[in-house]
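Please look over the sequence and the model first; the notes after them are grouped by topic.

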Amino acid sequence: MRLRRDQLQVLLVFAEDDDQSNGFRWACEKAGFRCNIARTPKSALESFLDKHHDIIIIDHRHPRYFDAEALCRSIRTTKPSENTVIIGVVQRHADREESSILPLITAGFSRRYVENSSRMACYNELIQLEFGQVQAQFKLRACNSLFAALEKSQEAIEITSEDHVVQYVNPAFETMMGYQIGELIEKQLTEVPINEKKADFLETINSCIKIGKEWQGMYYAKKKNGDSIQQNVKILPVIGQGGKIRHYVSISRLCNDNNKAEKTCECIQAESQTDTQTCRQKDMRKGSLDVRSTTSRGSDGSSQRRRSSMARVHSMTIEAPITKVINIINAAQESSPMPVAEALDRALEILRTTELYSPQLGTKDEDPHTSDLVGGLMTDGLRRLSGNEYILSAKQTHQVAGSLSSPISLNDIPPRITEAMENEEQWDFDIFELEAATHKRPLVYLGLKIFARFGICEFLNCSESTLRSWLQVIEANYHSSNSYHNSTHSADVLHATAYFLSKEKVKQTLDPIDEVAALIAATVHDVDHPGRTNSFLCNAGSELAILYNDTAVLESHHAALAFQLTTRDGKCNIFKNMERNEYRTLRQVIIDMVLATEMTKHFEHVNKFVNSINKPLAALEENGNNGDGESIKTVLRSPENRILIKRMLIKCADISNPCRPIEQCIEWAGRISEEYFAQTDEERRQGLPVVMPVFDRNTCSIPKSQLSFIDYFIIDMFDAWDAFADLPNLMEHLNNNIKYWKGLDARNLRVLRPPPE
């Protein structure tokens with residue numbers, strides 16, 4: 001096995017420079033190893049999580065500086081430390097009996113080094129480590145990678161000892177032969193090839209492999225149920241200790257009439273994935289491939305932008321398994337007879353309208369910021385059962401304070417507030433200026449203006465005073481103590497929703513009832529948010545988590561409470577004059593849109609939007625059917641697609657902060673970070689699982705967290721939304737904000753803004 005090994009990295013953890021640390025530093029330089037030095041446990045842990053060192057040498061001689069064993073235990077709790085060699089430097093005591101090494105081993109040290117500041121002694125220690133434990137760990141990592149490949153292989157693989165005792169079979173072998181792995185391990189397989197010369201046949205195989213040669217051919221084997229199958233088999237002897245054969249590896253593939261069809265399918269799949277495999281290598285943070293930087297976010301003209309938008313649609317990197325299936329079927333349709341093509345059309349329609357779009361998620365580059373964001377936003381907690389219960393009562397809703405009940409309408413809004421809302425139809429509208437002008441009550445004022453612009457009172461047949469009372473009640477039930485999830489966030493999402501509703505493609509698609517539902521959903525989508533994530537509430541055993549069975553806890557609460565607050569008092573019931581069926585339709589759309597803001601189904605919603613709307617529209621455009629209004633209308637106006645568009649609209653409005661002008665983006669980043677910091681603080685106080693450990697206010701890099709969030713959740717979603725709604729200004733802001741956060745990260749700054757020059 002030939003594997004390339006990178007230059008070794010060594011981390012020295014010494015509180016102060018002395019002859020011992022200098023000796024190891026010199027030894028690293030002589031050996032050609034990269035060396036980092038940390039003075040404190042905190043900086044050591046940060047450095048290791050950033051660099052993933054192969055060797056860590058910790059000074060264990062001076063407990064007054066730091067607890068070396070506690071540091072080692074902390075490092076060992078991290079995933080990257082599994083293959084790291086950790087050395088403890090201990091004092092030399094000539095006049096004292098040799099102490100036990102067991103406490104060091106228990107703490108996680110790999111070995112100890114009795115202090116010896118001789119440069120050559122340090123050098124010899126590192127060289128021994130390199131060709132001993134480090135090399136063994138490197139091989140172990142490589143073996144783990146190989147076994148991962150074996151587990152995913154479509155060919156059946158069996159590994160036996162020299163005595164033909166089964167030591168390993170992969171899942172493909174279990175599927176082919178009908179056995180479970182527990183039925184095979186440590187046992188000899190007794191299936192005999194069904195061949196008229198079976199004895200001679202087996203002898204031929206054995207005589208070949210026993211002298212170390214590979215054998216390949218076809219034979220019949222028996223499955224567990226007794227059925228005979230013909231296999232194309234390759235058997236390879238593995239030479240081990242003493243130059244003897246220690247293992248045999250058997251690789252099998254079925255031989256049947258389906259081979260031709262399987263090969264055809266493999267070819268189609270390979271062709272359909274050529275582009276996406278290339279695109280998967282991109283990463284906005286690394287800048288290795290940026291299809292968005294060509295024309296779509298510049299100012300070279302709308303036609304170039306549209307072509308680039310369609311290219312981005314076809315190069316989406318969020319491809320779920322079902323998307324691959326659709327691509328294969330689409331490719332097969334091109335060369336299929338008409339009846340087959342029509343049948344495949346029906347199959348595609350089924351696939352596009354069922355719950356099959358959630359991708360197989362991993363983390364990018366093992367980035368802890370991304371891992372924590374995914375874990376914190378896309379899971380419902382660790383289901384921890386304990387006595388620590390976080391009580392959030394849905395019954396304690398807020399009444400409107402007397403000061404809020406004073407008559408206000410569009411005609412008597414104070415001049416400062418009117419001025420702050422002058423450009424509310426523009427994307428660059430400053431919500432924070434309105435927040436200051438309204439003393440943190442922007443939702444009532446912005447809601448009155450936007451709802452009037454869209455004629456909501458006329459549609460609902462309610463008075464402006466009823467709407468005003470409703471907005472006051474909803475705003476009163478947002479928690480002003482939350483740094484992020486407060487009424488300013490609600491007003492911001494309402495503004496973004498109204499902006500998206502004004503885009504031409506969206507107006508072509510949605511009906512008035514959809515617009516009303518979208519604006520109401522945006523207003524209430526986070527009402528009574530406690531400033532904690534779903535994972536936190538589930539882990540804490542909150543009343544809401546119990547009520548909603550740990551599933552979409554907050555989103556379900558927001559939707560339910562919004563209707564409770566609205567219908568309990570006629571003075572604020574904006575629905576009271578609606579016809580029953582129309583109200584039920586409106587209610588269902590509002591609920592669906594609020595539930596769509598739950599992040600666990602983020603990729604499902606985005607995938608459906610891309611495959612059911614973006615790609616069909618792109619195909620019509622590429623085929624020169626721009627003027628075919630009926631075809632476009634069919635795509636846009638189907639009930640299923642209108643639902644997808646409304647979900648996508650509110651999702652983009654809800655997390656549009658990275659697409660706002662830079663100052664607003666920075667302010668929102670600071671607010672959400674503070675809310676996550678507060679959650680981490682409370683989890684530690686209550687002894688709950690910390691669902692996002694990277695959001696520690698003492699160590700978190702806000703630029704890194706923003707880049708991770710943008711890279712994982714924002715880029716693909718807004719590329720898809722831009723391709724549909726045409727939003728060049730948002731994409732320009734997004735690019736500028738990415739550059740800003742990258743700039744801070746490149747300077748190793750963890751704060752929101754660079755220090756003054």
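S656 is found in the loop between α27 (639–654) and α28 (662–686). This is a predicted model. The protein chain has 757 residues, of which 50% are buried, and its fold includes 30 helices and 10 strands.

- S656 is buried, with a relative accessible area of 0%.
- Apart from residues up to four places away in sequence, S656 touches W427, D492, A496 and F718.
- H733 sits in helix α30, which covers residues 728–746.
- H733 counts as buried because its relative accessibility is 15%, and buried means under 20%.
- W427 is also among the residues touched by H733, together with D428, P658, C659, R660 and P661; residues up to four places away in sequence are not counted here.
- With D428 there is a polar contact, made between the side chain of H733 and the side chain of D428 at 3.0 Å.

**Helix α20**

- Helix α20 spans residues 512–524, which is 13 residues.
- From its first C-alpha to its last, α20 reaches 19 Å, close to the 18 Å expected at 1.5 Å a residue.
- α20 is mostly covered, with 12 of its 13 residues buried.
- The buried residues of α20 are I513, D514, E515, V516, A517, A518, L519, I520, A521, A522, T523 and V524.
- In an α-helix there are 3.6 residues a turn, so residues three or four places apart point the same way.

**Parallel strands and crossovers**

- Strand β1 (residues 9–13) and strand β2 (residues 34–38) run parallel and are joined by five bridges.
- L12 has I37 in β2 as its bridge partner.
- Helix α1 (residues 19–31) forms a right-handed β-α-β unit with β1 and β2.
- Strand β4 (residues 85–90) and strand β5 (residues 111–114) also run parallel, joined by four bridges.
- Opposite V89 stands Y113 in β5.
- Helix α4 (residues 102–107) makes a right-handed β-α-β unit with β4 and β5.

**Cysteines**

- How many disulfides does the structure hold? The number is zero.
- A disulfide needs two cysteine sulfur atoms within 2.5 Å.
- For C28, the closest cysteine sulfur is that of C35, and the 4.1 Å between them is too far for a bond.
- C28 is buried, at 0% relative accessibility.
- For C457, the closest cysteine sulfur belongs to C462; the distance is 4.1 Å, so the two are too far apart for a bond.
- C457 counts as buried, with a relative accessible area of 15%.

**Positive phi in loops**

- Most residues other than glycine have a negative phi.
- K440 is not a glycine, yet its phi is positive, near 65°.
- The loop that holds K440 lies between α14 (431–437) and α15 (442–453).
- Is K440 buried or exposed? K440 counts as exposed, at 54% relative accessibility.
- D726 likewise is not a glycine and has a positive phi, of about 65°.
- D726 is placed in the loop between α29 (702–725) and α30.
- D726 is partly exposed, with a relative accessible area of 29%.

- I239 belongs to strand β9, which covers residues 228–239.
- I239 is exposed because its relative accessible area is 52%, and exposed means over 50%.
- Leaving aside neighbours within four places in sequence, I239 is in contact with K244 and I245.
- G212 is 27 residues from I239 along the chain, and the C-alpha atoms of the two are separated by 7.6 Å.
- Across the protein chain, 71% of the contacts with a separation of 6 or more are between residues 24 or more positions apart.

Methods. Residues are numbered from 1 along each chain as its sequence is written. This is a predicted model: local features need pLDDT of at least 70, side-chain atom pairs count only at pLDDT 80 or more; totals for chains, interfaces and linings use all residues. Side-chain values use heavy atoms; hydrogens and water are left out. Helices (H or I, at least four residues) and strands (E, at least two) are DSSP runs, numbered from the N terminus. The expected span of a helix is 1.5 Å times one less than its number of residues. Buried means under 20% relative accessible area, exposed over 50%, partly exposed in between (1.4 Å probe, protein chains only). Two strands pair if DSSP finds at least two bridges between them. A crossover is right-handed if, with the strands pointing away from the viewer, the path from the first strand over the helix to the second runs clockwise. A polar contact is a pair of N or O atoms within 3.5 Å; within protein, one must be able to donate a hydrogen and the other to accept it, and residues adjacent in sequence count only if both atoms are side-chain atoms. Contact means heavy atoms within 4.5 Å.
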